[in-house]
Amino acid sequence: MRPVHISIEPTNVCNALCPVCETGKGDMQRVSGFLEYSKFCSFIDDVAPTTAILLFYFMGEPFLNKQSYAMIKYAREKDIYVESCTNGDLVDPEKLIESDINKISFQIGGMCQETHGRYRVNSDLERVKGNLMKLIKLRNQVEKKSLEIEVGFIVMQHNEHEVDHFIQWTKDIGVDAANIIDPCVRNIMEGHAYLPMNRKYWFYDEAAFDRGEIVPKIIPHNSCTWVWNSIQINWDGSAVPCCRDPNGTNILGNVFEQGIDNVFNSDAAHEFRKRILRNQRELEICKLCSGYGLPKIDKNNQHKSHIQIHSIND
């Protein structure tokens with residue numbers, strides 16, 4: 001058995017200093033580092049025949065890794081669909097076009113520097129917008145229609161009044177999709193500080209929150225599609241079941257040392273899946289998972305591709 005969807009981490013270092021993210025607030029329990037090009041290429045050679053999608057992103061800003069564009073291009077040359085997510089500060093639009101990436105998502109924290117910087121603490125919104133606009137222009141000039149460009153708006157208490165402005169702006173600049181991103185928090189204190197007043201943007205149970213608990217509205221019952229067809233690879237090759245394990249508490253093995261087959265089918269991987277099937281509620285990484293349920297589509301504001309509401313981890 002092999003995964004068809006693989007997420008790999010270019011780095012767990014980031015410039016933005018977002019206060020809820022483990023990387024941003026300095027709570028990361030793993031050693032910081034950067035994915036090596038040679039190890040990445042060897043790994044891609046191994047998994048290319050069975051990998052449909054590669055998500056080039058995890059607990060850091062991908063384009064802090066100077067080899068990111070070359071790695072994306074290598075994976076694309078192996079006919080793997082590659083997508084990534086970025087805060088947009090460090091993106092080189094020309095190199096991104098040359099990499100032949102299939103999909104890129106810029107994610108911002110507000111429509112002005114004051115609101116953007118409340119969460120994206122060390123990020124320059126005008127620089128992000130400039131990189132985005134240049135990428136759109138280049139994509140259209142070279143008629144690279146295969147490149148899908150998205151923008152996400154992380155809606156929070158301090159910026160929810162800007163949602164309509166964001167939607168109109170994305171229509172004006174011509175992105176392919178605009179995402180209103182429900183925010184994640186790790187505890188009640190963060191919830192009171194960042195969750196929007198309008199609870200339609202929450203994926204948390206409102207009654208539970210009012211009792212002082214953080215609980216998703218949709219709680220899985222001994223079921224998870226991801227652990228059967230996907231895997232998360234950290235920058236050093238260590239593998240965890242999914243993106244809900246940023247600190248590497250459930251290591252399944254190391255793909256650079258053991259190969260994907262031995263890790264995905266390891267005793268640790270089998271035992272983790274058994275725990276999902278037996279009593280998923282006992283698993284810490286499942287307790288705040290936002291990966292269940294369908295996104296809500298705002299049919300009144302669709303343009304080009306879509307506007308949707310969904311959630312992310314940071």
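Predicted model: local features only at pLDDT ≥ 70, side-chain atom pairs only at ≥ 80, totals over all residues.
Residues are numbered from 1 along each chain as its sequence is written, and side-chain values use heavy atoms, with hydrogens and water left out.

L17 is not a glycine, and yet it has a positive phi of about 60°. Most residues other than glycine have a negative phi. D79, which is not a glycine either, has a positive phi of about 65°, and its place is in the loop between α2 and β3 (81-86).

The table gives the accessibility of several residues, where buried means under 20% relative accessible area, exposed over 50%, and partly exposed in between (1.4 Å probe, protein chains only).

| Residue | Relative accessible area | Class |
|---|---|---|
| L17 | 41% | L17 partly exposed |
| D79 | 68% | D79 exposed |
| E98 | 55% | E98 exposed |
| I101 | 0% | I101 buried |
| Y74 | 17% | Y74 buried |

E98 sits in helix α3 (residues 93-99), and its C-alpha is 26 Å in space from that of D236, a residue 138 places apart from E98 in sequence. I101 lies in the loop between α3 and β4 (103-108), and I101 and A52, which are 49 residues apart in sequence, are separated by 14 Å from C-alpha to C-alpha.

### Two packed helices

Two packed helices are described by the angle between their axes and the distance between the axes. Helix α1 (residues 37-47) and helix α2 (residues 68-77) pack at an angle of about 15°, with their axes 10 Å apart; here axes are lines fitted to C-alpha atoms, for helices over the stretch in contact, and angles run from 0 to 180 degrees between N-to-C directions. The helices α1 and α2 are therefore roughly parallel to each other, since angles under 35 degrees count as roughly parallel, over 145 as roughly antiparallel, 65 to 115 as roughly perpendicular and the rest as oblique.

Y37, F40, C41, I44 and D45 on the α1 side meet A70, M71, Y74 and A75 on the α2 side, where contact means heavy atoms within 4.5 Å. The residues of this contact divide into eight nonpolar, no polar and one charged, with Ala, Val, Leu, Ile, Met, Phe, Trp, Tyr, Cys and Pro counted as nonpolar, Asp, Glu, Lys and Arg as charged, and the others, Gly among them, as polar.

Y74 belongs to helix α2, and, not counting residues up to four places away in sequence, Y74 touches Y37, C41, I44 and D45. The C-alpha atoms of Y74 and D100, 26 residues apart along the chain, are separated by 9.4 Å.

### The nonpolar cores

A nonpolar core is a set of buried Ala, Val, Leu, Ile, Met, Phe, Trp, Tyr and Cys residues joined through side-chain atoms within 4.5 Å. The largest such core has 57 residues, of which F40, F43, I44, L54, I104, F166 and I231 touch the most other members. Helix α5 (residues 125-141) gives the most to this core, with six residues. A second, separate core of 21 residues includes V20, I154, W202 and Y204.

Leaving aside its neighbours within four places in sequence, I231 has contacts that include P3, H5, I6, A239, V240, L252 and F264.

Key. Helix = DSSP H or I, 4+ residues; strand = E, 2+ residues; numbered from the N terminus.
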